[in-house]
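Trainee: Please take one part of this chain and go through it closely. I would like to know what each side of it faces and which side chains pair up there.

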Amino acid sequence: SMITSMGCLEENASSDSAGDQIFTPRRRSTARRRGFSWEMRIRGNVAALSMDAKVMSGGRADAVVQFSVFTPNRLGRLHELVHLLGSRSVHVLALTVQDTTDSAIIRLVLDDPDQGRELLRENDFPFAESVVIAVEINSSEDLNRLMAALLEAEININYLYVFIPHPQGKSILAMSLEDNEMAEAVFKRHQFTVLKQSDISR
């Protein structure tokens, strides 16, 4: 599997029993001084990061990019990330956090993925990239129809979360699915609007 991680992590450090790539930081001494064992935390969360990264291959052109940022579960860390992005006019369009006692995975969709990627690399945020399906819904009835379409097609949902309200007032779901390409075809067949990265970029 592929994990895109720049800045504070070295590539090809080791692999787990499933063959997923494990990365260890170049700045081990800094990590120890902060009382945080990066390698142990990454090993504990690599399955979740790998699930995201595996979805990246085979995606359509101009697909919506999701960044899964791995970070210690530390007071103010989410603010640091959002402030960093905002300071360079990179806007967070959707956000969800999966946390444990010691660590967290912050999944987010940005309006400028290229600039966001560079900021994450430059500021030592380890991350994975993947593709999510962004689909518009306008009502609770639409949500019911969307779930029914997935059930009919027997497509499982890995996870989903909502976008910050769209300027035009429409609701958008970010979805990671068992088969994104098949799901996209199903949504279009049921008259749902599937958005591209260019549709949500400002």
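Mentor: A polar contact is a pair of N or O atoms within 3.5 Å; within protein, one of them must be able to donate a hydrogen and the other to accept it, and residues adjacent in sequence count only if both atoms are side-chain atoms. A simple case is the polar contact of 3.4 Å between the side chains of Glu-141 and Ser-140. Glu-141 lies in helix H5 (residues 140–153), where helices (H or I, at least four residues) and strands (E, at least two) are DSSP runs numbered from the N terminus. With a relative accessibility of 53%, Glu-141 counts as exposed; that word means over 50% relative accessible area, buried means under 20%, and partly exposed is in between (1.4 Å probe, protein chains only).

Before the close look, some ground rules. This is a predicted model, in which local features need pLDDT of at least 70 and side-chain atom pairs count only at pLDDT 80 or more, while totals for chains, interfaces and linings use all residues. Residues are numbered from 1 along each chain as its sequence is written, and side-chain values use heavy atoms, with hydrogens and water left out.

As background, the chain has 7 helices and 9 strands. It has 202 residues, of which 46% count as buried. Contact means heavy atoms within 4.5 Å; among contacts between residues at least 6 apart in sequence, 67% join residues at least 24 apart.

H3 spans residues 77–87, and its buried residues are Arg-77, Leu-81, Leu-84 and Leu-85. These four cover an arc of only 95° around the axis, which puts them on the same side of H3; the arc is that of the directions from the helix axis to the C-beta atoms. An α-helix has 3.6 residues a turn, so residues three or four places apart point the same way. The buried residues of H3 pack against S3, strand S4 (92–99), strand S5 (103–110) and helix H4 (113–122). The face turned away from that buried side carries the exposed residues His-79 and His-83. Just after H3, Ser-89 has a positive phi of about 60°.

A polar contact of 2.9 Å joins the side chains of Thr-71 and Arg-77. Apart from neighbours within four places in sequence, Thr-71 is in contact with Arg-77, Ser-103, Ala-104 and Ile-106.

Arg-77 takes part in a network of salt bridges as well, together with Arg-74 and Glu-80. A salt bridge is a side-chain nitrogen of Lys or Arg within 4 Å of a carboxyl oxygen of Asp or Glu. The one between Glu-80 and Arg-74 is 3.8 Å, N to O. Both ends are partly exposed: Glu-80 has a relative accessible area of 35%, and Arg-74 is at 38% relative accessibility.

Leu-78, Val-82, Leu-95 and Val-97 make a nonpolar patch of about 260 Å², to which H3 and S4 each supply at least two residues. Leu-95 belongs to strand S4 and is partly exposed, at 33% relative accessible area.

Next comes H4, one of the elements packed against H3. Its buried residues are Pro-113, Gly-116, Arg-117, Leu-119 and Leu-120. They cover an arc of only 165° around the axis, which puts them on the same side of H4. They pack against S3, H3, S5, strand S6 (127–137) and helix H7 (197–200). Asp-114 and Glu-122 are exposed on the face of H4 turned away from the buried side.

Arg-117 and Glu-129 meet at 2.6 Å, N to O. Arg-117 lies in helix H4 and Glu-129 in strand S6, so this pair ties together parts 12 residues apart in sequence. Both residues are buried. Arg-121 pairs with Glu-118, with the closest N and O atoms 2.8 Å apart. Arg-121 and Glu-118 are 3 residues apart in helix H4, and therefore separated by about one helical turn. Arg-121 is partly exposed at 25% relative accessibility, as is Glu-118 at 33%.

Note on methods. Patch = residues over 30% accessible without salt bridge, like charges linked within 9 Å, V, L, I, M, F, W, Y side chains within 5 Å. Areas by Shrake-Rupley, 256 points an atom, 1.4 Å probe, with all protein chains shown as cover.
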